[in-house]
Amino acid sequence: MEIINPATEEIITNIQEDNKPSLDNKYTLLKKAQPIWYSVDLKERIKIVQKFAELLKKNIEPLAAILTSEVGKPLQQSRNEINGAAGRVVWLADHALQYLSEEVMNQTDVLTEKIVYEPLGVICNISAWNFPYNVGVNVFVPALLAGNAVMYKPSEYSTLTGLEIEKYLKEAGVSPDVFQVAVGTGEVGGVLLEMDFDGYFFTGSYKTGQYIYEKVAPKMVPCQLELGGKDPVYIADDVENIKSVAAGTSDGAFYNNGQSCCAVERIYVHEKVYDNYVKAFVEEVNSWKSGLPTEEGVYISVVSRRPQVDFIDGQVKDAVNKGAKILTGGKKKTGKGYGYEATVLVDVDHEMSVMKDESFGPIIGIMKVKNDVEALKLMQDTEYGLTAAVYSKTWERAEKILSQIDSGTGYWNCCDRVSAPVPWSGRNHSGFGSTLSHLGLRAFTKPKAYQLRN
Ligand code: NAD
């Protein structure tokens, strides 16, 4: 398999893909190693995971360089991701004892009733490339803490990062056979679906997630899906600092070249503040440096996969054909690399793909609305349900809207953020199940109830 640098189109390296026999071999090792790993004291497993976080931080420069080389993320954003992932690992490790230890729920003179959180066994984690550290640690860290063995399939677009993760987990003290990397494309993922894992944890697109859910269903094992989004933001007319709201929301839309599951994908603005907001938003976008992801200060670089450039261009053309206006950007970048200009569209509506289908790139549609009722109706007009945000002076106004939106996360005066203490979960086409928080620690366990009569 060729690993290609999306910014230069150079082949970084060639790498051997896994196949059925090599995956069977890895599976056998995982199966043998898992009970031994579970027998390691939880406090020891926590120490190992903490060491992993330290190693990520210690090696941040080479790891960031590798990440940027294979996904095209601006170097500073690669550093930010690794730092952020290390922080999540620390949170999960710090709370593992509290949420994974057995719990006595009822005790009398004659009866003890308790829950033991047993590991699922050997789990399969099929992952995405856009934040490979973040979405990876959300799954394999709590899985390992809970005593599972993990077959980790990084995306084919972030394979080198997946192999670095394996190296540092092992250096931290995870037993050699307990964590295995399945190298390859979706085909290798397909082989994993034919095997007998004790749980499947997937991060990726709705289309693949739906396919995986159907394949896993007959196995009668847990299947958790973290999928895409078309996340809306509403700017109410009582926001106080329009410039800082425009800066925050444009960052939410364009960070990582717009390739975040919870990126701002559509913006609705109250008509009273619309003109000022759009002006400030476009000024912000035009102030960003665009170029190679390795150049200092670059904010807009390239998207990670070549076909996405045509998809984004298709959305822009579709919108313009239906009456949208381009305020900035609107074209593929010339020269090497999968570049697309940071693009702002107005006069958009829900007949246009840009307001309905996940863009996953550096483009955004901004739409004027008359009031909160119209904003809510448009925000609800989606099959996805990952996040939604409202910018307003009071929480009461935002809560009225957010409580009626079927999404896993609601943001007030912020957007495009993930935080370890609270669950990360989608609804509808954005998937189901939770990672992070106490729910994300327990997602990798089977609770066993013990009823003990003296
Ligand atoms: P993708 O669905 O194309 O691929 C994801 C993974 O599935 C890859 O490892 C791929 O090799 C594998 N795969 C592909 N076809 C398969 C098959 N038939 N059987 C088994 N495995 C298969 O998604 P992607 O392009 O890697 O990621 C982008 C998507 O992920 C976006 O929609 C984004 O919103 C979503 N995402 C969601 C979250 C979240 O937390 N909700 C986080 C990151 C990304």
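The model is predicted, so to speak of local features a pLDDT of at least 70 is needed, side-chain atom pairs count only at pLDDT 80 or more, and totals for chains, interfaces and linings use all residues. Residues are numbered from 1 along each chain as its sequence is written, and side-chain values use heavy atoms, with hydrogens and water left out.

**The two domains**
- Domain 1 covers 2–227 + 427–453 and domain 2 covers 231–419, with bounds from an automatic or database domain assignment.
- Their C-alpha centres are 30 Å apart.
- In the contact (heavy atoms within 4.5 Å), domain 1 takes part with 26 residues and domain 2 with 31 residues.

**Buried area**
- About 2,600 Å² is buried between domain 1 and domain 2, with 52% of it on carbon and sulfur atoms; this is the accessible area (1.4 Å probe) that two parts lose on being put together, summed over both.
- Of the area that domain 1 buries against domain 2, 22% comes from Glu9, Trp129 and Arg427, more than from any other three residues.

- Two salt bridges cross the interface of domain 1 and domain 2, each being a side-chain nitrogen of Lys or Arg within 4 Å of a carboxyl oxygen of Asp or Glu.
- Arginine 427 forms a salt bridge with aspartate 406, and their closest N and O atoms are 2.9 Å apart.
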